Amino acid sequence: MKDKPKLSLLVSVIFISMGLAVSSSIAAGNFTHLRKGSYNVLFSPEDSSRNQDAFPTLQTASTLSSTEITSATEVTEEIEALARGLMYDKRLIFKFVRNHIDYTHYYGCKKGATLTLLERSGNDFDQSALLIALLRASGYAAEFQKGRMKIPTSEMISWLGISDVDALGTHISSGGSPNTLRYIDVEGNILDFEFPRVWVVLADGEVNYKLDPAFKRYEEISGFNDIAATIGYNQTSFIGDAGGTTDTSWVKGLVFDEVSRNLGAYAENLIHHIATNANGASVEQVVSGRKIIQKEFDVLPTELSFPIVEAVQTWSEIPGSHGLTLRIEMGPINDEETEVDGETKIVRVFNVEVDERIFFADLGGRRLSLTFSENRGVISLDGIPIFEESGDPEEGKLGLRFSVTHPSFLGTYEYPYESYDRNGIYSIIYAFSPHKASVEARQQKLAAYLRHDPSGESPEVIAETLNVMGVSWMWQTHLANRIIDQLFDVTTISHHRFGRTGQEAGFYIDVGYQLFGPLSKTQDPAAPSLVFRLNAYFQSALEHSIIEQLQGAEYEAASTIKLLYEANELNQKIFLADKDNWSSIKAQWGGVVA
């Protein structure tokens, strides 16, 4: 197992030196400071031609399992523009998806075509949806096919990047693939894996092409041999310079200026090394990684690369039972009297008035926001309402409760309801494996709002600013996670990630609805837990730093990591608590109750 303190520091250094901060990478975007106030719902200039009284038709129902996910193959502006750029050529379209969309392993349709394009990644369901949307935009007839495919272990290793065969099998199953089978020889070697796959059948004249855009071979990229030596890191010196007083369970009085000076020096050393020896190096070329092996297609294939071992199903659209769904419950939070043990007490009650379900693919990278019109909560997609509270709510909090249902053994995750200020504006942010393109798309949307409203006072500008902050946080934490995964030989499956950025008295980022699974490529039992914890540190640090980067240094933000820094500045003890030392730590708090 690699040294954890060293790796924690190296992630910080690499993250700084590779220029991944928002202040440098998306500084060209237009941002506005957020203001407190109460607003009515407005609409963006792009939506001005629509009937603002009409709600767009989404696939909302008490259950979605019997419907089709038509939004997965929707020909949006982004899809139409790409199809046009590819000259509506079926060969170029297949080549683009196969060579430029990374494979990420999970089961079912999560993103749909547009978000798969924006995030530049997806599984076979979502890559097939993107391919079909592009083909249909170009005038071709294309459909989904699903069957159980038998793939040799050697091909699986290249595809998923996991050489340990047992870990490979765990990864396939953990992604949600149902009924994964392994073919084993008499000596116990795993020869093949069999599991459900989805691909595309394209009918063009008398020819039926069978296109599998998601399967692709990868080239492994070796990073620098010894990053610690490259940056001039010495653990003893670094800890010595940090100073402070330590015990077995706490530390205090660290010299932050020295820590900052050393991190800056390490980053400069790494930048200098890259510029001198590997100018233009990617993150993967520094910490190791992989890239798709490009493939030419003079003629499209009419057969799949691997055998199918059961009857094939053909779909015009993906069935709803294979889609990731989001349930949104909304209503007022009221204080009501109730009898408890013979006494009248006031209890807080969440009264559900709206109960709707949508597919995540319905979102398509658009902004999901909560604003208020005449005090009623309104859920909108890019400024167009999709549902709202009924009645005439009184002053008080609005409640929202989210539930996520996966089309696999993961099942349903129901989260507790949370309160929202009726004077606030919120963006419900979401992502799976964000890409710079998904951030840039929202920047462009914000720029359009600002051209329409240079004052920045409209709720669209404020909600989109919150959204840009949120997707920037999603992107930067994803980049940090990629680096951490590489350093620990771990692969992380992001099952769902969403939360909110809000503007109330102040503004904040809170992404509390996350389900992701780090899996060791080498079956190291300690690695996933370390990766999980280290990711949590960076997610917390970016909660305050994203706001400070985008809103200006005069707007100080808070996070758990920021509070640790402030505690250190006040020379307070910072404890590392666990179940074994909790009693002794609690005794040192001097009566503080936690």
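## Loop residues, a covered helix and an open sheet

N375 is buried, with a relative accessible area of 18%; buried denotes under 20% relative accessible area, exposed over 50%, and partly exposed the range in between, for a 1.4 Å probe and protein chains only. The model is predicted: local features need pLDDT of at least 70, side-chain atom pairs count only at pLDDT 80 or more, and totals for chains, interfaces and linings use all residues. Residues are numbered from 1 along each chain as its sequence is written, and side-chain values use heavy atoms, with hydrogens and water left out.

N375 lies in the loop between β15 and β16; helices (H or I, at least four residues) and strands (E, at least two) are DSSP runs numbered from the N terminus. Most residues other than glycine have a negative phi. N375 has a positive phi, near 75 degrees, and R120 is likewise a residue other than glycine with a positive phi, near 60 degrees.

F372 has G377 of β16 as its bridge partner.

Both strands belong to an open sheet of 6 strands, in the order β17-β16-β15-β21-β22-β23, with antiparallel pairing. Each of the edge strands, β17 (384-388) and β23 (507-520), has a single partner, so one side of each is left without a neighbour in the sheet. On average, neighbouring strands are turned by 20 degrees against each other, direction ignored. Helix α15 (residues 527-551) packs on this sheet, touching β22 (490-503) and β23, and its direction makes about 155 degrees with that of β23. Axes are lines fitted to C-alpha atoms, for helices over the stretch in contact, and angles run from 0 to 180 degrees between N-to-C directions; contact means heavy atoms within 4.5 Å.

R120 follows helix α5. This helix (residues 112-119) is mostly covered, with 8 of its 8 residues buried; among them are G112, L115 and E119. The buried residues of α5 pack against α3 (77-85), α4 (90-100), β2 (121-122), α6 (124-137), β21 (425-431) and α13 (436-452). Strand β21 is also a member of the open sheet described above.

How values were computed
Two strands pair if DSSP finds at least two bridges between them.
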